[in-house]
Amino acid sequence: MTRPAPVAPRVLVVAGLDPSGGAGLLADLEALAAAGARGWAVATALTAQGPRGARGFEPASEAMLLAQIDALLEGAERPGAVKTGMLGGVGLARALAARLAAPPLARVPLVVDPVLLASSGAPLLDLGGAPPAEALAPLLARARLATPNLPELAALTGEDVSTDEAAIRAARRLPSRAVLVKGGHRAGEPVDLLVEGRRVTRLLGRRRAGTARGTGCRLASAIAARLARGEGLEAAVRGAKRIVESYLDRALT
């Protein structure tokens, strides 16, 4: 008797909708599929983005954000991981953190991609006068992993991140259980730093000619997918990096 194929795990993704598909929810869903997972997509904002970058965004209301999540949870299925990306505003970030801290999501692994700016430099988080660290603190405190790039890490901590050693010190100031510092903004071959308390794992990448949007979205989503499949954190990060590298090989050829 043939056994049925195992059902791919579900990942709840909370992020902005980029209609170009270069980043945001559409890119997240592509990465989840590549990592062997299925997605639930909750929109925090509508954005106007195209080949020349982001033109602006309109955030969802807090009530609509929570209604989307609650509607998805009305059945018996539960996500194996949650990933957050663009959040739009401080109120949305805080409302989401409170919802994720309550059953049935309180024990689900959370990956936070602390998106502050679009690749074009346009702001994607209305801080309302609050420092970035304060705005995202409730989410980061819940996170199994945060995935800032170097500018985001500097903005969140106010620390120097110009060397690997400085970036590691800054990463340890974030309240998440682990931090993956993405090194693509530094000159030379990119080195990502997986900081888990006193343990640091250096993950060497390969610099490619050209640029591609949405790599951070895809990486965090692929990590969440692999965590949902039961992988350990380092294995999930390494596997997700391979998925993004394959995407870059296709996008930049």
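Predicted model: local features only at pLDDT ≥ 70, side-chain atom pairs only at ≥ 80, totals over all residues.
I started by counting elements: the protein has 8 helices and 11 strands.

I wanted to know what share of the protein counts as buried. For the 253 residues the figure is 53%. The accessible surface comes to about 11,700 Å², and carbon and sulfur atoms hold 55% of that.

**Helix 4**

I moved on to helix 4, residues 132–142, and listed its buried residues: Pro132, Ala135, Leu136, Leu139, Leu140 and Arg142. They sit on the same side of helix 4, because the arc they cover around the axis is only 150 degrees. The general rule I keep in mind here is that an α-helix has 3.6 residues a turn, so residues three or four places apart point the same way. What covers this buried set? I found that the cover includes helix 3 and helix 5 (150–157), along with strand 4 (81–84), strand 6 (110–112), strand 7 (125–126) and strand 8 (145–146).

**Arginine 99**

Arginine 99 is found in helix 3, which runs over residues 90–100. Is arginine 99 buried or exposed? I get 17% relative accessibility, and the cut-off for buried is under 20%, so arginine 99 counts as buried. Leaving out residues up to four places away in sequence, I see arginine 99 touching Leu66, Ile69, Asp70, Leu73, Pro104 and Leu105.

**Leucine 174**

My last stop was a loop. Leucine 174 lies between helix 6 (164–171) and strand 9 (179–181). Despite the loop position, leucine 174 is buried, with a relative accessible area of 8%. Which residues does it contact beyond four places in sequence? I noted Leu140, Pro148, Leu153, Leu156, Thr157 and Val179. One of these, Leu140, is also on my list of buried residues in helix 4. I checked one distance as well: leucine 174 and glycine 197 are 23 residues apart in sequence, and their C-alpha atoms are 11 Å apart in space.

Methods
Residues numbered from 1 in each chain as written. Heavy atoms only, no water. Helix = DSSP H or I, 4+ residues; strand = E, 2+ residues; numbered from the N terminus. Buried < 20%, exposed > 50% of the residue type's maximum accessible area, 1.4 Å probe, protein only. Contact = heavy atoms within 4.5 Å. Areas by Shrake-Rupley, 256 points an atom, 1.4 Å probe, with all protein chains shown as cover. Arc of directions from axis to C-beta.
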